[in-house]
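Student: I would like to learn how to read the helices and domain contacts of a model, and I would be glad of a worked case.

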Amino acid sequence: MKKIELLSGDEALARGAYEAGLKFAASYPGTPATEILEYLAKFDEIDAQWSVNEKVAYEVALGASIAGVRSIYSSKHVGINVAGDPLMTSAYTGVGGGFVAVTADDPQLQSSQNEQDNRLIAKFSKLPMLEPSSPAEAYKMAKEAFDLSEKFDTPVIIRLTTRVAHTKENVETGDRTEIENKPFTPNAQKYVMVPGHAYKKHIALEAKLAELQKSAQQSELNTMQINDKSLGIIADGAAYLYAKEVFPDASFLKLGFVYPFPDETIKKFAKEVKELYVIEEQEPFIEEHVRQLGIDVKAKDISYRIGELSPALVKEIVEGKIKTEKPSTARKPVLCPGCSHRSVFYALKKLKAVVAGDIGCYTLGALKPLEALHTTVCMGASVTIMESLSKNLGHDKVVGVIGDSTFVHSGITGLVNAAYNQAKGLLIILDNSNTAMTGSQPNPATGVNAKGKPTKKLILKEICKAAGADIVETMDAFDKNLQNKIKELMSKDALCVLIARFPCRMIDRSRQSPPVFNKDKCIVCGACLQVDCPAIYKNADGKITLDAFLCVGCNVCVSACKVDALHRAQ
Amino acid sequence: MSDKVINILFCGTGGQGILTAAEIVSLAAVYDGYHTKKSEVHGMAQRGGSVESHVRYGKIVYSPLIEEGGADFLVSFHKGEHDRMKYYLSKDGVDLFADFEDAEKKVQNKKFINTYMLGALSKYLDINRESWLKALEAGFKGKFVEENRKVFLEAAAKG
């Protein structure tokens, strides 16, 4: 039954995949891709899982395809790096049932550690790529991607960006079509990538790319609109929409099947128009290729490779301008009132520890005024960087900090490495039993799966011991002795893990009474502001205010107060 | 239906119900048959940071983003964010900040301030009452239907 729904790019893509007979889905949470798996997990027809990391997700999803069912992998852009190993070789093996890999890129780093442009992954891996510019297109392309995958025996990448993934639009949805499983027959030449087999597969892959290019040239996903011929624009993704908004009368070649490049279509379009522009976000992916074809084209200044585009910036590009960076005036994000990470960071700050951090809400501990986290590179890098900082700076000065989900993602291997290589020092696992930053997903340490059903629970304490930690202790993150415990473990000549445990406030909404604030005693020294809690702030009148609506009664500010103006409620 | 695209910018801070409000007006526009786009950012920003949602609807909408100086309506839930985002408002645009100040005084339960703001906004938009009420119910996932309806209609009837 046809129905009009308001869907985000993530949801629309997932809906299209569902209707295309999808039976398996795997992902690791990451903005802006998270909602794809969340949407798919609702359907009984789909075996959907949060995998422990993206490499695992990609392999499990590829395995489902080899078994013969339609399967999907999804992650944010940097997740593709983690999945890079199986992804590269899956271009050689090809697929059984249709297999689609979704990358959701984050130009402007709304919630990411870098701005990599994963269109380059298509060229690097030799996999075809589709790129919708809106949710309605994402819905359509998801269906098309499965057909392409099976027709050409290849994984197909769909690339979203934040402005596609998190834009909602009217989408006309329909019913699911059941697809018969492909039979599995052992085929070592196809699925066993030893050098001899892989060499032959590489030869076949180059031929396949040539066929895919023909398909791209005929594809309805690449559309030519000839209007005013004095200005011709080649564009993809959200950049197409910005250009169309600013230059509604221009001629357009809109690329939706972006790789392999539809060379003949590009040449034909270039001949039709007088002045040719490429309008694309981030890297000069299309621009460089059009130049390689020997076509004279105008494109953006290097300065526009940084950040996302907008209609105003597209106008500037065509005017030949250079981008001027404006400092952001947005409020800084902050840990929730009562967040258990705050008490840990406040203790670490007082201990003046050098802290190797990781990816999650707790990365916010790096910002002023806490400033108690000193490195963040990628998922799992707290444990490994802690190992090296400890060895070089002294293990009594260094602490690693990682969340429970991130520890399972790729912290365990680092801990095994630290033990094996005889490192000493302290790793704190901030165990709030939640993957919080991406909007509260379960993980192996929570004992709940993607469908919300109970499952085997990973015991952090035991896996840390098994990995080779000498001392593993667990403590309530709000325990009064937390700071002393951290200090004690830092001074041990051993590899230590402290599991600082308290449920995430996004899940456990229970609250205690706010502290009693004696305004007369307050000298506005600002010590309580150093804990960086949204519930305690300096008012316009210069006085300190405790916001009872926001406060959940964690009392970290009480421990910060030096003049006895704040007390625990009795 | 005119070719004019209506641009509504919502802004404030995390946890104020801004994204829900933007969802409801978008749903109402969809129910009324408009092509609608709503764009916002999830993830880190929701941790008490700035939240903004761009809603555009009309016969056909291309860009998901409103341009600076292009918003027909600015619906803000926070003084600081209002002042910061005001440059998005077009010359003839409507600033609903006075309605927010009203809402803070009149609405007893802070949870319903976003509903009040939708009621205030509804006075200016060419969207049917039935679509609004249907969207309210869908947007709040069937919770507090009567309370929301009451607050909405009260704000919509005012002035």
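Predicted model: local features only at pLDDT ≥ 70, side-chain atom pairs only at ≥ 80, totals over all residues.

Student: Which residues of helix 13 of chain A are buried?

Tutor: A residue is buried if 20 or more other C-beta atoms, placed from the backbone, lie within 10 Å of its own, and helices are DSSP runs (H or I, at least four residues) numbered from the N terminus. In helix 13 (residues 285–292) of chain A, this holds for A:Phe285, A:Ile286, A:His289 and A:Val290.

Student: Why do the buried residues line one face of helix 13 of chain A?

Tutor: An α-helix has 3.6 residues a turn, so residues three or four places apart point the same way. Seen down the axis of helix 13 of chain A, the buried residues fall within an arc of 120° (taken from the directions from the axis to the C-beta atoms), so they line one face.

Student: How many residues of domain 1 and domain 3 of chain A are in contact?

Tutor: Contact requires C-beta atoms, placed from the backbone, within 7 Å. An automatic or database assignment gives chain A four entries, including domain 1 (3–217) and domain 3 (340–501); 14 residues of domain 1 of chain A are in contact with 16 residues of domain 3 of chain A, and the C-alpha centres of these domains lie 32 Å apart.

Technical notes:
Residues numbered from 1 in each chain as written. Chains lettered and ligands numbered in written order. Buried ≥ 20, exposed ≤ 12 C-beta atoms within 10 Å, placed from the backbone. Helix = DSSP H or I, 4+ residues; strand = E, 2+ residues; numbered from the N terminus. Contact = placed C-beta atoms within 7 Å.
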